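I opened the notebook today to look at how one chain is put together. Here are my entries, in the order I looked things up.

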Amino acid sequence: MQILAQLIASGIAVGMIYGVIAFGYQLTFATSKTLNFGQGEALMLGSLVGLTVVSFTGYWIMLPIVLAFGLVQGAVVERLGVRQAIRTKSEAGWIMATIALGIIFKNLAENIWGRDALKFPSPLPEAPLSFMGVNVLPMEVVIVFGALAMMLLVEVFNRRSIYGKAVVATANDRDAAGLMGINTSLVITFSYSLSSMTAAFAGVLVAPVTLTGAAMGGALGLKAFAVAIIGGLSSGMGVVVGGLILGITETLTGYYISTGYKDVPGLVLLLLVLSFKPSGLFGSATIKKV
Amino acid sequence: MKRLATLAAIAAAVLFPFLVTSPYYLHLVVVIAIFSIVTMGLDIVFGYTGEVSLGHAALFGVGAYTAGVLAFQFGLGFWIAIPCAIVVALAFGALLALPALRVTGPYLAMVTLAFGTIVAILINEMTFLTNGPLGISLSKPLFADVREQLPFLEMSRPRLRDVEYYYVVMASFALVVLVINRLLASRFGRAFEALRDSPIASDCMGVSVYRHKVLAFVLSAGFAGFAGVLFAYSEQYIAPNNFSFELSIQFLLAVTMGGRKSRVGPVLGAAIVVYLPNLLADIGQFRAVAGSIAAVAVLSGGWRMIKLPEERLRTLVPVLLCLGFFVFSLLLEKITDYKLTVFGLMILFMVYYLPEGIWGFVRTGLAGFVSAPAPIAARGDDANVWSATAPRVAEGRALLEVKHITMQFGGLKALDNIDLTVMPGTIHGLIGPNGSGKSTMMNVLTGIYTPTAGAVAFEGQDIQGQTPSAIAGAGIARTFQNVQLFGELSLLQNIMVGLNHFYRGGVADVALATPRARREEAAARLRAASLLRFVGLEALAHEEARNLPYGKQRLLEIARALALDPKLLLLDEPAAGLTAPDIKELIAIIHKIRDHGITLILIEHHMDVVMTLSDTVTVLDFGQKIAEGKPAEVQADAKVIAAYLGGSHAEAA
């Protein structure tokens, strides 16, 4: 029982990371019906840039710098990989282009920071806190609340500010928003910026607990996609729940079966959800128009 | 011309091991041929059905590991491995395609990525079967020691083994080219392209999108598995990291770069992808290549800038990129570390500037110099337009009976408790203002929507809830309000997709080119040409459908629907966008269709068309039936006038 509670506690922290990356997928999907297949690499870059910056500034001042880096990186991805494909309505085009950018980022990171996993200094004490016999790292608590805060901030921004309303309007109907004078291509660029920013943030949140390195992105990006699908690409609640489901199943599999297999249940879940309820557990199905 | 090129290629392949004695180049060509088998198979999925697969490295790995495991665990050799690997890969391909029932595009791409990752994990973890990260060693078979029989072959045993293996791979390659050519020229190839261009129209032509998408994945997987065996025995050692995500990217890069929808393209791409790492191993050579690319870019870009001054800026970007790439190559010391960056840049460049790939680019360029061979003329005749199928309903009974149909979208009732009875051999007009539910009715009748309540009986059988392709098979064909043609297929091929139901031969028939397959193809061609002639488009038989003017697209849709041999034909605004003379022609065509015993439902806003053609007219308004009867009665109905011209029901009454 003790062990189970412990596993669930760690699973929650991992799950929130998946949730926040998945939230990034939702942002771009809402405005442009496209996704960044290099989302995991955005996270990895954020984390590695953070690692370099942190030695000069300390953890908390590093955060805004990494967030700004994420904004720029997202805009670059959109400009280079997505814009052209949206214009020519080429689906394979943006899929291939964002994958290409992802592998370029990964390869550059390998050449800059090396191929090995690196230790990220933790800003908080690394001695676990104990709640009723369940050990929790202080950083894990920061992950849970940091991830929630980031999602809330973006949501509040979207709902309250006039710029956010432009994002929502574009998400609802791109053509109509364009006719109302909203610069929709700028909004799409902006949504990519926000998306990469949340990923970069997730990167520096998770890095002190796990390790960081050029190879960290791929699996995280894919599992976050699984979360986005399980939760539904349109549901904010969905990514949190989806993240938790995946995070917990994963730590359980890692402990009870083998760490080698810990990525499998999430991916199998992804395949099952797509086979039986592609709009996700929390999403609503769209009606095709003929 | 094409035949000559093929013969030259075969001759070169046969002579190659004797002209080039270096084992290095022999091996290189073998690997290129093996990769080509995968990329040509991938092209079925990526080029024809238009889906991005990131799981082909895994399928390739499944094939290789089937061979590896058979040799390592059971001591079974090459000839047993081939059929086993193909069967296993086919099964994995089917598994991979299962989610394709519901999803396409980015979802499916992610599914294939997840699948690839799972397979990689399994290969790595199932040590008891696959020997895990240590990998499996195999030895290349020596098929026959022919040095005694052929004394002029002066070669060592290992070299003979390499040469023999080279021929086995080349023969496999040739076989695969032949089979893929046949498959893609057949109804299956047409179906793959049709479901990419318009999945809904494919379903409504009785070509099940799901079944054909699975078929495309399965076929593609089979080729990848076959190539996997060849790869395992060519390399003589396989390990899990041979079949990573990176390899899937290389396969996709090869198809994109070489050019989709051809055999030459994927082979060209495979050659580049295989040769590239060798190129990258030598920094001097790499700089030379980057330099010549930059030189070509500057020259052609400069020429273009002079010719098209208004596009100066757009031209400048790729030129600068190529120059930047050259500078990048000069700055680097060890290029091998940047292999993936180079791959990534190449993909980006292709997506931006050569979406048709190298072969696509060359082909369009060549088209200016060499006139394309005229396709075999398709000649139709009047005798083959109709294929009689009398409706199976008793005298005096309805062909179609719609009972209390309700279709609800959220809070909106697009159809509210509608009854509709269509007698065989009649033309039934369905009219109403915009948004009255006419097209929704069409979609319910053809199975695109499942009605919220009520029943649809066709020839006495309930059909609501069946798939569109099953309903099409039962004998209901339709055209679309927003024309849904298969844009990249020719007119003739569009109609031949509609004739899919007429074929009996399967994949094996096509692959082996049996007499039955040839006979059926010829008959379908004749029938399709006859139908084209019927709607007056015979002269354009080999034009791509997307190049047709709007009015003719509508006529083509009618011809395609007739190819289904329907008992009931639904025409959704066939006269929309037609000129007056075209409308006259359309009326004549509709009369002829009715005279051949086909029942019609006609949605139309041109009142003169509806009123001259229809035997009965039903009027819908806000999802409800407000009138039904002979055209003259309906025209005089006060409610109908109110619905069209405004005014309250009270006034009307």
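Predicted model: local features only at pLDDT ≥ 70, side-chain atom pairs only at ≥ 80, totals over all residues.

How many salt bridges are there between domain 1 of chain B and domain 2 of chain B? I counted one salt bridge between domain 1 of chain B and domain 2 of chain B, taking a side-chain nitrogen of Lys or Arg within 4 Å of a carboxyl oxygen of Asp or Glu. E246(B) forms it with K339(B), and their closest N and O atoms are 3.6 Å apart.

Residues are numbered from 1 along each chain as its sequence is written, chains are lettered from A and ligands numbered from 1 in the order in which they are written, and side-chain values use heavy atoms, without hydrogens and water.

Next I checked the domain bounds, which come from an automatic or database domain assignment. For chain B they are domain 1 (2-260), domain 2 (294-355) and domain 3 (384-652). The C-alpha centres of domain 1 of chain B and domain 2 of chain B are 32 Å apart. Six residues from domain 1 of chain B and six residues from domain 2 of chain B make the contact (heavy atoms within 4.5 Å). I read about 670 Å² for the area buried between domain 1 of chain B and domain 2 of chain B, with 78% from carbon and sulfur atoms; this is the accessible area (1.4 Å probe) that two parts lose on being put together, summed over both.
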